[in-house]
Structures are given as C-alpha cells and as structure tokens.
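Please look through the sequence and the model shown here before reading on. The paragraphs after it are meant to be read with the structure open beside them.

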Amino acid sequence: MNRVLTFATMGTVVSLRGASPAAAAAVRAVFAGYDHRYSLYDPSSVLSRVADGSLRLTEAPTEVRDVYALALDWRERTGGAFTPHRPDGVVDLSGVVKALAIQDAGAVLDAAPPEDDPDGADDDLPDGWMISAGGDVLARGHHRPDESWSVGVVDPGRRDTVVGIVRLDAPRRAVATSGTAERGEHIWRRAVPTFVQATVIADDVVTADVLATAVVAGDEDDLRRLTNDADVDVLAFAADGTVWATPGAAGTVTAGDDAASARVLGRR
C-alpha cells in the first residue's frame, strides 16, 4: 500500500508517506495554521498586518514574537548569512516557518496510530513516516523493514540528473535543499553569489533548512564556518561548477564527474 498523500499549502506542495488519511488531515491543519499567521500574500495574516503597519510586532501574538526571536537567534548564529528581514526592512519569517510547520507536523504523526493495512497482508508498510515540503524533508523510522528513507539530490545545472542519494537513517533525520535553479533568485544574498544550491543533512529540520539558506546566501568562508560550528553534513554547488562536501555528505554523491570534482571540507 504505502500511499502518498499530497496537498498544496504555503506556496508549495506537501507530500506524506506512512500517514493515514486522518493523520494527513491533522498535518494539513498544522500547515494551514502557519500559513494563516505568517503568509505575506494573505493581507489578513498577522505578519501582513505587521508589514502594512496596522499591527505592531510587539503587539503580535506571543507565538509570532517567539518565531521572530528564533529567527533573530539564527541570524546571530550564522553571522548574518540568514536574516528574517527583507532588504526593504519588512519582517519575513518564511525562512523558518515552513520548517517549523514540518517539525510540528512530525509531532502530530508521532502521536498518530500507525497506518492501517486493511488486508493485513502488506509487509511493505513503513514503520515510520516521511514529510516532504518544498525541498525540506523530515523522516522517522524506515521506508520498508531495514530500508531507510532516501532523498535524491538533483544537479542544479541539469534538473533531470540526480547526483546524490541521501539515506535518512532511523530514528529521525532531516534534509533541506535551498537554491536558485527552480525559483530563481529568491534568496537575499549578502555577498556576490557563490553558491547556487546547498543541501544540509541534520537531526532536525529547522537547522537543516536555515543552514541551507545561509550557505546559499553567503560565501566560501560562511560555508567553512557553518560546517565547523554545526553538527551537520553539507553538499554545496558553487556557481563555478565546484561541488563542496563535508566528509559525511561526500559519500552521498554518485560516481562520475561530479564526485571526482567534489572538494571535501575538513573539520576542526
């Protein structure tokens, strides 16, 4: 069985594996709540009202102020490579809220009963779940008995070519990819564009998502510092065609020219 359930939200498509229809409905409600509070395309959202000046950020609900504080903390931790402010000063929390929605959706799936097999004969049902939303993936357990969930990494210059496979080992693992190949230049860069795509593998999806954005927004020095300071693995594609990888991520790159040109980042 191992059905895939999908729905559109927050400007992207969410897909669920290992979730019952009831659990999927609860997950959908989680994403709808985040979209209602933080979308800058919905004039009635809290953040839109902050942006148009009809609501002061200090008067916003506590949960919104807490997310803003989290984003500021990540700005500090990334040396400014990640920021919750647009160049015009508008507060934009899209860099963290999608990952937070995925994180909360994972908690919903943790609490849900396992997917039911009506025939009682399907040995291929997952013993966990996987959530995918706009380049971010969070998974728990296995795809099949003794088989990890896996995510493909696409070459940013050749979107029909998979250059790496990330195995999301149990019990829980996250991977996030940020880049310009599909959506163009939507990331606020603080330096001359160095990277066109970055994939970050981490234990939690917020860390993976924020650092993937920070790598693309920064330069080679940012990449080295972030990979030294955080317990993550990174596969980054530079604008000049060079592939950078931490030792753990280097093993995800498939054999071929891309693997041969990968520069392995050291650890202190």
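Predicted model: local features only at pLDDT ≥ 70, side-chain atom pairs only at ≥ 80, totals over all residues.

Residues are numbered from 1 along each chain as its sequence is written, and side-chain values use heavy atoms, with hydrogens and water left out.

The chain has 8 helices and 11 strands, where helices (H or I, at least four residues) and strands (E, at least two) are DSSP runs numbered from the N terminus. Of its 268 residues, 47% count as buried, a term that stands for under 20% relative accessible area, with exposed meaning over 50% and partly exposed the range in between (1.4 Å probe, protein chains only). Among contacts (heavy atoms within 4.5 Å) between residues at least 6 apart in sequence, 54% join residues at least 24 apart.

How are two packed helices described? The description uses the angle between their axes and the distance between the axes. For helix H1 (residues 21-38) and helix H4 (residues 94-111), the angle is about 155° and the axes are 9 Å apart; axes here are lines fitted to C-alpha atoms, for helices over the stretch in contact, and angles run from 0 to 180 degrees between N-to-C directions. H1 and H4 are therefore roughly antiparallel to each other, given that angles over 145 degrees count as roughly antiparallel, under 35 as roughly parallel, 65 to 115 as roughly perpendicular and the rest as oblique. On the H1 side the contact is made by Ala-23, Ala-26, Val-27, Val-30, Phe-31, Tyr-34 and Tyr-38, and on the H4 side the residues include Val-97, Lys-98, Asp-104 and Leu-109. The residues of this contact divide into 14 nonpolar, no polar and 2 charged, with Ala, Val, Leu, Ile, Met, Phe, Trp, Tyr, Cys and Pro counted as nonpolar, Asp, Glu, Lys and Arg as charged, and the others, Gly among them, as polar.

A search of the whole structure finds 2 aromatic pairs, that is, rings of Phe, Tyr and Trp (its six-membered ring) with centres within 6.5 Å, called stacked when the planes are under 30 degrees apart, edge-to-face when over 60 and tilted for the rest. Phe-7 and Phe-31 form an edge-to-face pair, 5.9 Å centre to centre with 70° between the planes. Because Phe-7 lies in strand E1 (residues 4-9) and Phe-31 in helix H1, this pair ties together parts that are 24 residues apart in sequence. Phe-7 is buried at a relative accessible area of 7%, and Phe-31 is buried at 1%. The rings of Tyr-34 and Tyr-38 have centres 5.9 Å apart and planes at 25°, so that pair is stacked. Tyr-34 and Tyr-38 are 4 residues apart in helix H1 and are thus separated by about one helical turn; Tyr-34 counts as buried at 9% relative accessibility, and Tyr-38 is buried at 6%.

Some single residues complete the picture. Thr-78, in the loop between helix H3 (62-77) and H4, is buried with a relative accessible area of 0%, and its C-alpha atom is separated by 7.8 Å from that of Asp-222, 144 residues apart along the chain. Met-10, in the loop between E1 and strand E2 (12-17), has a phi near 50°, a positive value in a residue other than glycine.
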